[in-house]
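Please read them with the sequence and the structure open beside you.

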Amino acid sequence: MTHPGLTDRFGRVHRDLRISLTDRCSLRCTYCMPAEGVPWLQRDTMLSTDEIVRVARVAVEMGITEIRLTGGEPLLRADVVDVVDRLAHLEGPLGRPEVSLTTNALRLPALADALHDAGLARVNISLDTLRRDRFHALTRRDKLTETLAGIAAADAAGLAPVKINAVAMRGVNDDEVVDLTQFCVDRGYQMRFIEQMPLDAGHTWDRHQMVTGEEILAQLRRRWRLTERGDRGAAPAQVWDIDDGPSSVGVIASVTAPFCGTCDRVRLTADGQLRACLFARQESDIRALVRGDADDEAIAAAVAACLQLKRPGHDIDDPGFLQPDRPMSAIGG
Ligand code: SAM
Ligand code: SF4
């Protein structure tokens, strides 16, 4: 039975735990991290693997059914295969959790098979452009070839369906909406476009500059016939079939069409802070509990208390909106 503490004040039942394995990254995407001077988390504040598995075990025993590993770049964690193995074998009232991962793919040629064998179900891979010069400018690293090799490795390892995420940015990559989608259609991957959110380290996000989901759809409709799929449940992406399928494309319109009303996600940062929302202003210090003498019930109570603080929406469009202090790389996307 699901623990009542997973249900918040608005009746949302939480099933999805996103765990950031590190705030370190091998890229420096402009919408996420600064070029230099990143205030890294102190090593001794970061949860050990035993600590992560313990918190996840409590959450799964409460009724969490999906675990998404993220970061920073989760594949930079040296024992990521072991982490996946241990998380995929947890047992809760609703069975074993499905473990997936969001990654920039750079380490997938080396790790994809081992991750699959350890129990990883699938991957979401960030790819904002197919052009080498743009990739270099956008991520501040000349790594397009390696990223494409990582995507192919995920596919070959059976980490399916491979989902490709792109943040659409005006004057940067918004002319590649069709090309990126075609890249996915040709290979059987699923393309997802994400509206840029105010989570960059430089706090330069501008509501009037961002590319909207509607603009993305308008471009796609000039090339394909799109048919909207029905009930998306708690999924952030609204999905359209391309020319009656089987290919599809999704748009995550977090800003212009928020899906907070069905949100079932809760986040654990690499330094052990629980956040009920990407944009939460408050965090619950789970690290202090696991390093103190708290029992599992106390950890479950802290998870429940954190979710009770969850607000109905992120209020990005509210004039009083405040961007979180931490950038996306330190929260865990
Ligand atoms: N390093 C991995 C990656 O890039 O996939 C995982 C972490 S990254 C923070 C997770 C996701 O957040 C990526 O798909 C990335 O594109 C997205 N992201 C980062 N900053 C964002 C922003 N300001 N707005 C929207 N999405 C963002
Ligand atoms: Fe790294 Fe992912 Fe952030 Fe890019 S989006 S800097 S790959 S954490």
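1. A polar contact is taken here as a pair of N or O atoms within 3.5 Å, and within protein one atom must be able to donate a hydrogen and the other to accept it, while residues adjacent in sequence count only if both atoms are side-chain atoms. Under that rule, a nitrogen atom of ligand 1 lies 3.1 Å from an N or O atom in the side chain of Glu73. An oxygen atom of ligand 1 is 2.7 Å from a side-chain N or O atom of Ser126, and a backbone N or O atom of Thr103 is found 3.3 Å from an oxygen atom of ligand 1. The protein covers 95% of the 540 Å² of accessible area that ligand 1 has on its own (Shrake-Rupley method, 1.4 Å probe).

2. On provenance, this is a predicted model, in which local features need pLDDT of at least 70 and side-chain atom pairs count only at pLDDT 80 or more, whereas totals for chains, interfaces and linings use all residues. Residues are numbered from 1 along each chain as its sequence is written, chains are lettered from A and ligands numbered from 1 in the order in which they are written, and side-chain values use heavy atoms, with hydrogens and water left out.

3. The shell around ligand 1 holds 19 residues, the closest being Tyr31, Gly72, Glu73, Ser126 and Met197 (a residue is near if one of its heavy atoms lies within 4 Å). Strands β3 (98–103), β5 (163–168) and β6 (190–195) each supply at least two residues of this shell; strands are DSSP runs of E, at least two residues long, numbered from the N terminus.

4. Strand β8 (residues 238–242) is largely enclosed by the rest of the structure, because 5 of its 5 residues are buried (under 20% relative accessible area, with a 1.4 Å probe and protein chains only). Gln238, Trp240 and Ile242 point one way from β8, and Val239 and Asp241 point the other way.

5. Pairing requires at least two DSSP bridges between two strands. By this criterion β8 pairs in the antiparallel sense with strand β7 (residues 226–228) over 3 bridges, where Glu228 stands opposite Trp240. β8 also pairs in the antiparallel sense with strand β9 (residues 248–252), over 4 bridges, and Val251 in β9 is the bridge partner of Gln238. β8 and β9 form a hairpin with 5 residues between them, and Asp243 in the turn has a positive phi of about 45°.

Notes: Buried means under 20% relative accessible area, exposed over 50%, partly exposed in between (1.4 Å probe, protein chains only).
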